[in-house]
Each structure stands twice: as structure tokens, then as C-alpha cells.
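These notes are meant for a colleague who is opening this entry without having seen it before. Please keep the sequence and the 3D view at hand while going through the numbered points.

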Amino acid sequence: MVELKSNDQAKKLGAIATFLDIPVTVSTHKILNSSKGVIHSRDLRCCSEEEMVEELSGVTHTRRSKVRWGEDKIQTDTVILTFGSPKPPSRIRAGYLTLNVRPYVLLAMHCYKCQRYGHGKDRCKKPAAVCVGCGKGSHVECNCSADPHCVNCRGDHTASSKTCPKFLEEQAILRYKAENGCMFQQACMAVVVELHKMIST
Ligand SMILES: [Zn+2]
Ligand SMILES: [Zn+2]
Ligand SMILES: [Zn+2]
């Protein structure tokens, strides 16, 4: 895999059919070359998701956010856009409107079986479940009355606490990834370096 700095470089590389006399095919990486952003506008209320893809330049997919209203789901004025570029633009033009684009930051994935971050319960490879409250196994189904003990940072809060330093670190990595259009490992290194700087100053 090769990382390129510009579309120009990509075009030149795309024209290559052989490398050291070996036939090669050059294609773009669909996930790394896409990013997501969020817009909020009342003026796009009447536009369908398909119409927005046609109208908004550089956008490959749109999804209007919905909220539950009793039994139904109702549409909101918030739209999640997928761009065909590694980083979302900060603004986008929609007809006569210029809309601010916020990077789309995912919520850190928390496993409710082993209580660790980075995967969901259905993908958990740990053989035994752990209590979200006290961090011990065997009584996962009941309401735990023991003192809270976080399995991720050993702090005195539950493993699903939004104040847990491990949760905040995971969230900072996802934010960095969304804002800078890089892979999770790169974002992880950048955030660790930043945290290290903060601790040592
Ligand atoms: Zn797990
Ligand atoms: Zn417990
Ligand atoms: Zn914690």
C-alpha cells in the first residue's frame, strides 16, 4: 500500500501498468480515501438523500439522522455525509448556502462482556464475562452492589463510566482520526504523544 500526497500523484500512479516489468493494477483504497462529516440545516429538509448526493460536490453518500418518537422514527435536520476524500472539508456549498461541516466522530466501542474498548460484545474473544460494576466475573446478570472498580484503569468507577481516562483516551483517538483522516494506529500514536507532552509539562 502506498500513501500519496495529492490527487496529481494518484493520477500519475494510476497510469502505471507495470512496475519493474511486473504487471500491476493501481486502485484507490475505498475506506482510507473516504471520510465522514456532519451538517445541520433546516433548508435541506425537503431534499432526499439521493438529491443531496447529486447536489453536494465531493459527497458519495448521505444519511439523514433520525430520532425515535414513540413507535415512529422522525427525521432531523442533521445529515451525515460521506466524502470521497481522506479528510472532510470544513465547509460545503449547497446551492446558495454555505454550511459548516463537523467531523463525524464515532463513540468509542465498549464491550459489555469483557468491558474493554475497541470491539463490541458480539465480537468479544474473551471466554468469560466481567461485571461492569466491580470488575469481577460470575455475577454479571445481577445488579452488583460491590464497590465500583474499573477493569480498564483500576479507578473507583464502573467500566462504562464516561469519566474513565481510558474512555477519554479512546474518544480522543477517534476524534483525531475523524479530524485528520488517518488510520486508527496513526491516530493512537499521535494521541499518546500529545498525552505524554501534557503529563511531562
Ligand atoms: Zn470483549
Ligand atoms: Zn460486580
Ligand atoms: Zn476507568
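1. Of the 201 residues of the chain, 28% count as buried, where buried means under 20% relative accessible area, exposed over 50% and partly exposed in between, with a 1.4 Å probe and protein chains only. This is a predicted model, in which local features need pLDDT of at least 70 and side-chain atom pairs count only at pLDDT 80 or more, while totals for chains, interfaces and linings use all residues. Residues are numbered from 1 along each chain as its sequence is written, chains are lettered from A and ligands numbered from 1 in the order in which they are written, and side-chain values use heavy atoms, with hydrogens and water left out.

2. The chain has four helices and eight strands, and from the N terminus on its elements run α-β-β-β-α-β-β-β-β-β-α-α. Helices (H or I, at least four residues) and strands (E, at least two) are DSSP runs, numbered from the N terminus. Of the contacts in the chain with a separation of 6 or more, 44% are accounted for by residues 24 or more positions apart, a contact being heavy atoms within 4.5 Å.

3. Which protein atoms are the donors of the zinc ion (ligand 1)? They are Cys111 (SG), Cys114 (SG), His119 (NE2) and Cys124 (SG), lying 2.1 to 2.4 Å from the ion. Donors are N, O and S atoms within 2.8 Å of the metal (3.2 Å for Na, K and Ca), and water is not among the atoms, so sites may look incomplete. Along the chain these donors follow the spacing C-x2-C-x4-H-x4-C. The site of the zinc ion (ligand 1) is tetrahedral, with angles of 104 to 116° among its four donor atoms; four donors count as tetrahedral if all angles lie between 85 and 135 degrees. For orientation, the ideal angle for four tetrahedral donors is 109.5 degrees. Cys111 is buried, with a relative accessible area of 0%, whereas His119 counts as partly exposed at 21%.

4. Cys150 is buried, with a relative accessible area of 0%, and both His157 and Cys164 are buried.

5. His110 is buried, with a relative accessible area of 11%, and its side chain reaches the backbone oxygen of Gln115 at 3.2 Å. Not counting residues up to four places away in sequence, His110 touches Gln115, Arg116, Tyr117, His119, Ala159 and Ser160.

6. Most residues other than glycine have a negative phi. Gln115, although not a glycine, has a positive phi of about 75°, and Arg154 likewise has a positive value, near 65°. Gln115 is found in the loop between S8 and H3, and Arg154 lies in the loop between S8 and H3 too. Are these residues buried or exposed? Gln115 counts as buried at 1% relative accessibility, whereas Arg154 counts as exposed at 69%.

7. A search of the whole structure finds one aromatic pair. The rings of Tyr117 and Phe167 have their centres 6.1 Å apart and their planes at 45°, so the pair is tilted. Rings of Phe, Tyr and Trp (its six-membered ring) pair if their centres lie within 6.5 Å, and planes under 30 degrees apart count as stacked, over 60 as edge-to-face and the rest as tilted. Tyr117 lies in the loop between strand S8 (102-103) and helix H3 (165-180) and Phe167 in helix H3, so the pair ties together parts that are 50 residues apart in sequence. Tyr117 is buried at a relative accessible area of 11%, and Phe167 is buried at 6%.

Key. Four donors count as tetrahedral if all angles lie between 85 and 135 degrees; four count as square planar and six as octahedral if opposite donors are over 155 degrees apart and all others between 65 and 115; anything else is irregular. A polar contact is a pair of N or O atoms within 3.5 Å; within protein, one must be able to donate a hydrogen and the other to accept it, and residues adjacent in sequence count only if both atoms are side-chain atoms.
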